[in-house]
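Colleague: Hi! Could you walk me through this model?
Modeller: Happy to, here it comes.

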Amino acid sequence: METLGLTSQPVGHYDFCRRYAQQCRARKGATAPLRLTPKIRHNMLRVNAAVNNTIHAATDDEIYGREEYWEYPDKAGSKMRGDCEDYVLLKQRELQKRGLPAAALLITVVRKPDGEAHAVLSVRTEDGDFILDNLRDEVLNWQETEYHYIKRQSIRHAGLWVGIAPRPALKPGIMQAKSGKAANAGSLASTRAITRP
């Protein structure tokens, strides 16, 4: 995913950063894409599906009485409820707990084909950027999704956002990986999708 210069921070993320300043600082350490190992691949699939199946979809207005409010779903009361940004925040936190570096886990704003704004989590790997989405359990390469990519968090500073350049044409001949068959990084080098068995 090619990024452009700095752009505006989403209003909901700005408010989130005021409440969780430690989550919105300059990142320390390496910012290189991850090597997509079987363990990382497994963690991506597991966290994406677990969060998708745990949270009950609800709008910010239904939960907080506000149009836009980014929050960890486990802070939303007795039920795990949230909208797309809240799913992303929880996935980001859970993958960091499993040892994935913050610079590889970027909140990303897209537009769905119907024009509605939506948030997903981009995981930067040497094999491309993969998307964890509350609308599907499979993990897809960003180029394989139907979205128009707008902006995402900077790899160097969690409180800054960068624009995303239009994506290039998808190269033909790339096949989908099955989780039971792609046991090493070499077999993942030519894949776009990661799915559960």
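Colleague: At what angle do the axes of helix α2 and helix α4 cross?
Modeller: The axes of α2 (residues 38–54) and α4 (residues 84–97) cross at roughly 140° and come within 10 Å. This is a predicted model, where local features need pLDDT of at least 70 and side-chain atom pairs pLDDT 80 or more, while totals for chains, interfaces and linings use all residues. Residues are numbered from 1 along each chain as its sequence is written, and side-chain values use heavy atoms, leaving out hydrogens and water.

Colleague: Which residues of α2 and α4 meet?
Modeller: From α2, N43, M44, V47, N48, V51 and N52 meet Y87, L90, K91, E94 and L95 of α4, with contact meaning heavy atoms within 4.5 Å. By class, that contact has 6 nonpolar, 3 polar and 2 charged residues.

Colleague: Switching to rings, how many aromatic pairs are there?
Modeller: The count comes to 7 aromatic pairs, taking rings of Phe, Tyr and Trp (its six-membered ring) with centres within 6.5 Å; planes under 30 degrees apart are stacked, over 60 edge-to-face and the rest tilted. One of them is the tilted pair Y64 and Y69, 4.5 Å centre to centre with 55° between the planes.

Colleague: Is Y69 buried or exposed?
Modeller: Y69 is buried, at 13% relative accessible area, whereas Y64 is partly exposed at 25%. Buried means under 20%, exposed over 50% and partly exposed in between, with a 1.4 Å probe and protein chains only.

Colleague: And what about W142 and Y149?
Modeller: W142 and Y149 pair edge-to-face, 5.3 Å centre to centre and 90° between the planes. W142 is buried at 3%, and Y149 is buried at 5%.

Methods:
Axes are lines fitted to C-alpha atoms, for helices over the stretch in contact, and angles run from 0 to 180 degrees between N-to-C directions. Helices (H or I, at least four residues) and strands (E, at least two) are DSSP runs, numbered from the N terminus. Ala, Val, Leu, Ile, Met, Phe, Trp, Tyr, Cys and Pro count as nonpolar, Asp, Glu, Lys and Arg as charged, and the others, Gly among them, as polar.
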